[in-house]
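This report describes one protein chain in plain terms. Look at the sequence and the structure first, then read on.

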Amino acid sequence: LSRSRSIPFIIPPTLHGQDWINLTNEEQVQDDSDPYMIPQPGPRSSFHSLAGAYVVGTINPELYKFPEDKSEMDFPEGNIGRLWFSIEYEQESERLLVSLIKVRKLQPPADPCSPFVKIYLLPDERSYLQSKTKRKTLNPQFDENFVFQVSSKMLFQRTLKFLVYHVDKEKKHHLLGQVIFPLKNETLTDDNKLVIWRDLEKENLEPPSDYGDIQFSLSYNDYLGRLTVVVLRARGLKLQEESHAVSVYIKVSLMNHNKFIKSKKTAAVLGSPNPVYNETFSFKADQTELDTASLSLSVLQSIKGEKTHLLGRVVVGPFMYTRGKELEHWNEMISKPKELVKRWHALCHS
């Protein structure tokens, strides 16, 4: 391997008194008068203490290229933008520190795009913090810091919501997409800053149905005979009473020939008509059973000391049990093995 430049090196302290003049045109030794250069008595503990003391030859930048940041490169088809942020929790002051870093590849309805971001800490839908507006860019760099006051006891019940807007010439705001990020699965400790990126999603702008809606993904792995359900969130639930004592969870049951096989539950979310779960459940289901199996997702509310109340349910499965969107979701899952198929469904009360 031929190198055009000489290899940089460090002059050992013992040789330092000698006459080292212009090693090459790019490498100079500091003058003896420099206080850092006088060899210190006592043992040299490490190479680093030496290395810090001498001006060594130039670095060849080609050798130090960082691997490309994948998150800046791979954008899935139909992507409407990607948002980067970091979170950190200060235990003592009970402050959640959120840094809004940047957004890339926005898809505005019209040019030029002047984006800004609103940040909510759900379930509080009324108050939010807002970034500055960046003029005429699809790739805004924000680098802004925000603080939410939240007790450590409640932290993992909360969810961050980022809404990315574009301001047009008439000063109208257009929602370009959102990121919903539940804090419950994160390890948030002092001095632990997590940098996270998420793809923007379209907000569901249709009004919720009578009993509310639920969003979940289905996936079937034919090789492993495994049916996977990711319970994402619900919205527009009709809670019996609005209070923090009300908790809402979702029960997912696998049925076969309408006989109960197995059920699993999400964690309960307190006091929100729009709870976010992001929980994954897997069930064993042989391919031969897919014509007679179905999944029931029930949204249940419990209040301390009272019996559980059903807020609504949805059943997805084959033609034997379902029609419409519920049947379509099931069929799409089967036609796209191993792929997560995500949909919203209206809850029914029957």
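A salt bridge is a side-chain nitrogen of Lys or Arg within 4 Å of a carboxyl oxygen of Asp or Glu. By that rule, E328, E332, K336 and R343 are linked in a network of salt bridges. The background is simple: side chains of opposite charge can pair when their charged atoms come close.

The model is predicted, so local features need pLDDT of at least 70 and side-chain atom pairs count only at pLDDT 80 or more, while totals for chains, interfaces and linings use all residues. Residues are numbered from 1 along each chain as its sequence is written, and side-chain values use heavy atoms, with hydrogens and water left out.

**Overall make-up**

The protein has 2 helices and 17 strands; these are DSSP runs (helices H or I, at least four residues; strands E, at least two), numbered from the N terminus. Of its 350 residues, 42% count as buried. Buried means under 20% relative accessible area, exposed over 50%, and partly exposed in between, with a 1.4 Å probe and protein chains only. Contact means heavy atoms within 4.5 Å. Among contacts between residues at least 6 apart in sequence, 64% join residues at least 24 apart.

**Salt bridges**

How many salt bridges does a search of the whole structure find? The search finds 10.

| D199 | R82 | 2.5 Å |

The side chains of D199 and R82 meet in a salt bridge. D199 lies in strand β8 (residues 194-199) and R82 in strand β1 (residues 82-90), so this pair ties together parts that are 117 residues apart in sequence. D199 has 25% relative accessibility and therefore counts as partly exposed, whereas R82, at 2%, counts as buried.

In the pair of E90 and R95, E90 is partly exposed at 26% relative accessibility, and R95 is partly exposed at 29%.

**A buried arginine**

R158 lies in the loop between β5 (141-149) and β6 (159-167). R158 is buried yet has no salt bridge. For this search Lys and Arg count as positive and Asp and Glu as negative, with His and the chain ends not counted. The nearest side chain of opposite charge, D124, is 5.3 Å away. The side chain of R158 does reach the backbone oxygen of L121 at 3.4 Å. Leaving aside neighbours within four places in sequence, R158 is in contact with L121, L122, P123, D124, V150, P182 and L183.

**Helix α2**

Helix α2 has 12 residues (324-335), and at 1.5 Å a residue it should span 16 Å; its end C-alpha atoms are 16 Å apart, which agrees. The expected span is 1.5 Å times one less than the number of residues.

Which residues of α2 are buried? They are E326, L327, H329, W330 and M333. Seen down the axis of α2, the buried residues fall within an arc of 160°, so they line one face of the helix. The arc is that of the directions from the helix axis to the C-beta atoms. An α-helix has 3.6 residues a turn, so residues three or four places apart point the same way.

The buried residues of α2 pack against β9 (213-221), β10 (226-235), β15 (293-302), β16 (309-316) and β17 (341-346). On the other side of α2, K325 and S335 are exposed.

Definitions and conventions. A polar contact is a pair of N or O atoms within 3.5 Å; within protein, one must be able to donate a hydrogen and the other to accept it, and residues adjacent in sequence count only if both atoms are side-chain atoms.
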